[in-house]
Amino acid sequence: MNVSLVPDEIMQQEIRPLLAVDIIEQLHRQFALLSGGRGKDGAPIIIFPEYSSFSEVPEEDFLNVVTYLTSIPSLDAASIGFIIVMDRRKDKWSSVKASLSRIAGAFPGNLQLVLVLRPSRFFQRAISDIGFKMHKDDFKMKIVMLNSLSDLHSYVDKGQLTRELGGSLEYCHSQWIHHRTAVENFAMTVKTTAQMLQRFGSALAETELPNDVLCTKDLLTAHTDKHTNLKDELKIALKQGTTLLGCIKEQAAKSENHQLNPDEVENQTTVERLLAQLDETENAFEQFWCKHHLKLEQCLQLRHFEQDFREVKVSLDSLMDSLTGLSDIGDCVARVEYLLKELKTLEEKALPTLEKAQLHALHGDQLIQSDHYAVDSIRPKCVELRRVSDDFSNESNKKTDVLSKSLQIHMGIDKVNQWCESGIYLLASQAVDRCQSQEGAESALTDIERFLESAENTELTELRNLHNQYEVVLSEDIKANVLKALKRLEDVQEMFQKRHVSLKRLSAKQTRPVQPVAPRPESSPKRPPLKTPPRTTGAQQPLARRASDNTNSGKPPVEADPKKKNIRKAKGGIKIEVMHEESQGGSTHVVVTSETAESLSNRRRYGQKSVLCSHAVLHLTVISLY
């Protein structure tokens with residue numbers, strides 16, 4: 001497995017051929033230097049100061065120094081191209097030509113411009129003019145021959161040139177070497193640390209996962225200790241770089257204007273870049289370590305997950321078997337309530353197992369989301385746990401719904417049956433004799449109406465709606481019971497409607513007014529007149545009502561006169577006259593008078609027939625109600 005923990009810039013340090021410590025002696029000769037100055041476009045400036053023995057510098061030393069100097073600026077600055085300033089004011093044209101030829105043939109970087117301060121002596125200047133014109137095309141680089149420092153300043157700002165070139169840039173070569181050495185030491189530390197991390201990362205990647213918990217824990221402990229040691233190395237390197245950066249800034253603060261010169265800015269930039277690389281390396285290593293550490297932990301997690309899965313699956317299968325056993329939907333309210341209670345108990349018993357299954361499946365999802373190496377083994381188990389849990393919940397909800405509907409149906413059946421039984425009892429409890437009086441008839445009618453209203457309040461018709469809604473889930477036995485109860489309800493309601501109509505008719509007949517009639521004197525002088533008893537006695541009122549019922553029963557009158565009279569002679573010469581007045585809608589008048597025994601005897605025969613007829617009509621009317 002290829003593990004990359006080292007940033008590209010650190011890896012580029014592998015191809016750098018030289019460090020300052022490697023060519024420290026050549027650098028101290030100072031035949032070429034990087035002062036830190038920049039051109040107007042930001043191009044780095046390499047200065048070749050006056051050096052009389054330049055021609056004696058070995059080619060290897062020259063190449064090493066120039067290569068080293070061109071490797072220091074940032075890639076952005078180096079891509080602009082370098083500017084070379086050659087101070088050959090005290091030299092000869094031959095030396096100038098040799099220096100330009102060496103630079104043209106061995107300069108390793110992108111060369112933008114070569115500024116040459118030509119020899120100042122008159123003869124050498126003249127020769128250099130002629131020689132440069134003759135050999136200009138041989139150098140294959142842009143060369144500008146300058147006569148003075150003022151000409152140089154027209155190309156490069158004074159602030160970017162050292163004092164030797166008429167500029168104001170402060171530069172100390174020995175201090176520059178010291179800073180470069182410190183910076184490169186830090187860079188080497190960063191590189192070494194990165195390589196250690198690289199090797200450790202490769203070792204982690206090649207590690208085989210143990211097959212048991214103990215070996216996994218031991219390996220995890222060993223790798224954690226190694227990781228801690230490398231973290232300590234990283235802290236040391238970070239501390240070194242931070243200290244070096246502080247020294248560079250402190251050195252720059254000693255100047256009067258308290259500003260970093262370009263060289264110090266370059267060093268600071270380099271150190272900051274190395275610190276950033278070190279931080280990037282640490283982050284990359286931490287990311288890889290977290291993955292490796294997680295993989296070791298996942299090895300344990302997988303074993304625990306599989307064990308928990310087996311336990312939960314067994315519990316869920318047992319619960320499903322128990323739920324399947326609850327197949328009855330009940331045949332009465334008590335049975336359904338018992339089944340609902342049993343189902344509720346089973347659901348409460350299953351709740352911890354269902355919660356554990358969901359949590360375990362959720363834990364599996366988290367393992368999958370964390371890129372667990374055993375995703376193909378974990379995902380099917382999560383699916384299985386959720387499927388079994390959902391099957392139990394759905395089946396439980398389905399059974400609860402069916403039982404709830406069954407309970408509603410049975411409660412509706414009970415409610416209808418209770419109402420019907422109460423209604424039948426009410427009908428049976430209404431005495432026939434009581435209905436003969438106006439007060440009794442109205443009271444019975446009120447009871448009937450009130451009881452019919454109770455049917456609406458108790459929503460008895462809801463049973464039919466429930467039957468229509470739940471017909472699909474009901475058993476044939478329950479459907480038969482529902483239809484039987486509905487038929488009974490219709491029968492009882494029909495009985496009540498008939499009773500209501502009959503009582504309404506009787507109540508209407510009983511409310512017709514009774515007009516009193518003054519007593520007539522008895523025609524026979526032999527018997528003294530008797531006192532007329534009150535017309536509202538209990539013995540007379542039934543007689544009047546019965547006569548009225550006889551009149552309203554639709555039977556033809558005995559006499560064709562508008563006012564028919566039925567006369568009975570009571571003991572003591574009391575004459576009772578029942579009068580049917582057709583013109584007044586069949587109202588009845590009861591007249592009590594005194595008459596002779598003979599007259600009473602004649603009228604008694606007709607009165608008995610009338611009373612018997614009235615009794616027969618009322619009796620038949622009451623019987624028809626039942």
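Here is a short chat about reading a predicted model of one protein chain.

User: Where do I start, and what is the secondary structure of the protein chain?

Analyst: Start with the elements. This predicted model has 18 helices and eight strands in its protein chain.

User: How many of the residues are buried?

Analyst: Of the 626 residues, 42% are buried. The chain exposes about 33900 Å², and carbon and sulfur atoms supply 52% of that. As for contacts between residues at least 6 apart in sequence, 76% join residues at least 24 apart.

User: What order do the strands take in the open sheet?

Analyst: The order is S1-S2-S3-S4-S5, five strands with mixed pairing. Strand S1 (33-38) and strand S5 (143-146) stand at the edges; each has a single partner strand, so one side of each lacks a neighbour in the sheet. From one strand to the next, the twist averages 25°.

User: In which sense do S3 and S4 pair?

Analyst: Strand S3 (residues 82-87) and strand S4 (residues 111-117) pair in the parallel sense, over six bridges. For one spot to look at, find Met86: its bridge partner in S4 is Val116.

User: Which strands does helix H3 touch?

Analyst: Helix H3 (residues 59-71) packs on the sheet and touches S1, strand S2 (44-48) and S3. The direction of H3 makes about 155° with that of S2.

User: How many disulfides does a search of the whole structure find?

Analyst: The general idea is that a disulfide is a covalent bond between the sulfur atoms of two cysteines. Here the search finds zero. While you're looking at cysteines, Cys172 is partly exposed, at 37% relative accessible area, and Cys247 is partly exposed too, at 42%.

Methods. Residues numbered from 1 in each chain as written. Predicted model: local features only at pLDDT ≥ 70, side-chain atom pairs only at ≥ 80, totals over all residues. Heavy atoms only, no water. Helix = DSSP H or I, 4+ residues; strand = E, 2+ residues; numbered from the N terminus. Buried < 20%, exposed > 50% of the residue type's maximum accessible area, 1.4 Å probe, protein only. Contact = heavy atoms within 4.5 Å. Areas by Shrake-Rupley, 256 points an atom, 1.4 Å probe, with all protein chains shown as cover. Disulfide = S-S within 2.5 Å. Pairing = 2+ DSSP bridges. Axes fitted to C-alpha atoms, helices over the stretch in contact; angles between N-to-C directions.
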